[in-house]
Amino acid sequence: DGGLSPCAEQFAVIRRFKWQMLALSGQGFRNLIYPCVDDVTGRVYVTYHPGGGIGLRWSDDKGQTWPGATAVASQADPQAMFDDPTCAAHDGEVWVAYGIGSDPFTETDNARSDQIRVAYSSDAGKSIAERYFGEDATAGTKFLHAQLARQADGELDLLYYAGNDQNPDPAGSVRLSRSTDKGKTWSPGEV
């Protein structure tokens, strides 16, 4: 055990790759790119905001090619917010966390999410099998900056800001919700 957190381990692996941004160019607009690595298969995933919705791509050759693309966000949901999507992967399973809502994008404020979605792929990112809600709805009405991590024991952790539609927000807090069933259900958010 190297003593690194799952997030630090992912970035240690990613730093070893020679990233060539050209590998993603010419394949549509990409923004808010977030990488994660499957600790069993070595497949590298990136989730991103393509200017509408949320996307997921993967590479099996350390970022040289990105053969597949999967639409993560459901068309039945409100719009995917312009706030970093994040991902976690293990043994061919992939989870992507992202916000959905109706706040408009502005250059001065972060668009706040009405809910946090966690999408689940059971086939190495080729399709999305399920989408779950990850936020603690009792913690607030608006959410920001959801960060997803998978622990060695399989537990998923979702860290996010929860608050109300105020600025400043005296009720705002940082929350941690956990899932022990691959994202289907989440614990109440711990402060």
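Let me begin with a term: on a 1 Å grid over the protein atoms alone, a cavity is a set of points where a 1.4 Å probe fits but cannot get out, a pocket is an open set with protein on both sides within 12 Å along at least five of seven lines, and lining residues are those with an atom within 4 Å of a point. What we have here is a predicted model, in which local features need pLDDT of at least 70 and side-chain atom pairs count only at pLDDT 80 or more, while totals for chains, interfaces and linings use all residues. Residues are numbered from 1 along each chain as its sequence is written, and side-chain values use heavy atoms, with hydrogens and water left out.

With that rule, the count comes to one cavity of 30 Å³ or more. The largest cavity holds about 60 Å³ of space, where a volume is the space filled by probe spheres set on the grid points, and those points are joined across faces, edges and corners. Around the largest cavity we find D83, D84, A97, Y98, G99, S113, I116, F143, L144, H145 and A146. Sorted by class, that lining has six nonpolar, three polar and two charged residues; here Ala, Val, Leu, Ile, Met, Phe, Trp, Tyr, Cys and Pro count as nonpolar, Asp, Glu, Lys and Arg as charged, and the others, Gly among them, as polar.

Which strands each supply at least two residues of this lining? They are β7 (93-101) and β10 (142-150), and β10 gives the largest share, four residues. Strands are DSSP runs of E with at least two residues, numbered from the N terminus.

Turning to the surroundings of β10, three strands form an open antiparallel sheet in the order β10-β11-β12. β10 and β12 (173-179) stand at the edges, each with a single partner strand, so one side of each is left without a neighbour in the sheet. From one strand to the next, the twist averages 20°. Two strands pair if DSSP finds at least two bridges between them, and β10 pairs with β11 (residues 156-163) in the antiparallel sense over seven bridges. One of the residues involved is L144, whose bridge partner in β11 is Y161.

By class, the lining of the second largest pocket has four nonpolar, four polar and four charged residues.

Leaving aside neighbours within four places in sequence, V118 is in contact, meaning heavy atoms within 4.5 Å, with W95, V96, A97, E130, R131, Y132, G134, L158 and W186.

Finally, two backbone angles deserve a mention. Most residues other than glycine have a negative phi. A124, in the loop between β8 and β9 (130-133), has a positive phi of about 60° although it is not a glycine, and A124 is buried at a relative accessible area of 17%. K182, in the segment after β12, likewise has a positive phi, of about 65°, but K182 is partly exposed, with a relative accessible area of 40%.

Technical notes
Axes fitted to C-alpha atoms, helices over the stretch in contact; angles between N-to-C directions. Buried < 20%, exposed > 50% of the residue type's maximum accessible area, 1.4 Å probe, protein only.
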